[in-house]
Amino acid sequence: MPPEARARPSSRHAARVATAAPRRRRAPRGSALAAALVLLAPLGAAADFEKGLEAAKRREYEAAFAEFLPAARSGHAQAQLHVANMYRRGYGVARDYAAAARWYRAAAELGEPSGMYNYAVHLREGLGVERDPGAATAWFEKAADLGHPPSMLNVGLRYYKGNGVERDPVKGYAWVHRAAGKGSVPAIRARRSLEEDLSADDIERGRALARELP
């Protein structure tokens with residue numbers, strides 16, 4: 001049975017929506033919405049963020065962090081993700097899992113799927129926060145509803161195994177199948193493994209359910 005997908009902190013993932021979508025409602029997407037989310041932050045925050053990116057390209061991480069932090073405090077979701085990533089990895093600042101978790105949650109509350117995913121990982125692993133499998137699943141599901149493949153895979157595996165949620169192998173397979181359909185290589189491998197354990201009927205029911213997912 002495949003292990004749950006591990007975290008890969010996001011860096012330049014474009015923000016997709018301004019608020020988290022409720023379950024089963026498809027979230028609007030596209031470059032126009034990404035631009036709208038950026039416009040929610042003050043113009044100065046966007047300028048600081050760009051300066052931070054340039055410093056990071058030069059591997060001047062302390063300077064990059066100094067630019068990202070004020071932008072993050074101004075509500076720039078991408079800057080919040082960068083600050084969280086730097087706290088988690090210890091780039092340009094002392095490693096601090098609790099601070100990383102706070103900034104991932106801040107980005108998550110702005111509707112950023114990568115923020116939701118990474119905050120869920122912290123909750124799942126107990127990194128800087130109290131371990132909470134149920135809350136981790138809830139955040140993974142919010143990101144999965146926004147079409148985030150790594151979150152879809154994690155939701156699927158958690159339902160399949162019953163981690164932080166009542167076990168439902170068919171629903172778990174449906175989420176993994178949906179993530180695989182988006183081209184996720186880990187999900188494709190996981191689907192193959194799950195299909196070795198499931199009956200043909202369960203696989204068919206899972207695929208039918210997957211068609212109803214985001």
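User: How many helices and how many strands are there in the protein?
Analyst: The model is a predicted one. From the N terminus on, the elements run α-α-α-α-α-α-α-α-α-α-α. The count is therefore 11 helices and zero strands.

User: Is Arg158 buried or exposed?
Analyst: Arg158 is placed in helix H8, which spans residues 149-161. Its side chain makes a polar contact of 2.7 Å with the side chain of Thr137. The relative accessible area of Arg158 is 2%, and the limit for a buried residue is under 20%, so Arg158 is buried.

User: Which helices hold Tyr119 and Trp139?
Analyst: The ring centres of Tyr119 and Trp139 lie 5.7 Å apart with the planes at 80°, so this pair is edge-to-face. It ties together parts that are 20 residues apart in sequence, because Tyr119 lies in helix H6 (residues 113-125) and Trp139 in helix H7 (residues 133-145). The helices are H6 for Tyr119 and H7 for Trp139.

User: Which residue has its charged end over the ring of Trp139?
Analyst: Trp139 counts as buried at 10% relative accessibility. A charged end sits over its ring, 4.3 Å from the centre. That charged end belongs to Lys142.

Note on methods. Residues numbered from 1 in each chain as written. Predicted model: local features only at pLDDT ≥ 70, side-chain atom pairs only at ≥ 80, totals over all residues. Heavy atoms only, no water. Helix = DSSP H or I, 4+ residues; strand = E, 2+ residues; numbered from the N terminus. Buried < 20%, exposed > 50% of the residue type's maximum accessible area, 1.4 Å probe, protein only. Polar contact = N/O pair within 3.5 Å; in protein donor to acceptor, adjacent residues only side chain to side chain. Phe/Tyr/Trp six-rings, centres within 6.5 Å; stacked < 30°, edge-to-face > 60°. Lys NZ or Arg CZ within 6 Å of the ring centre and 35° of its normal.
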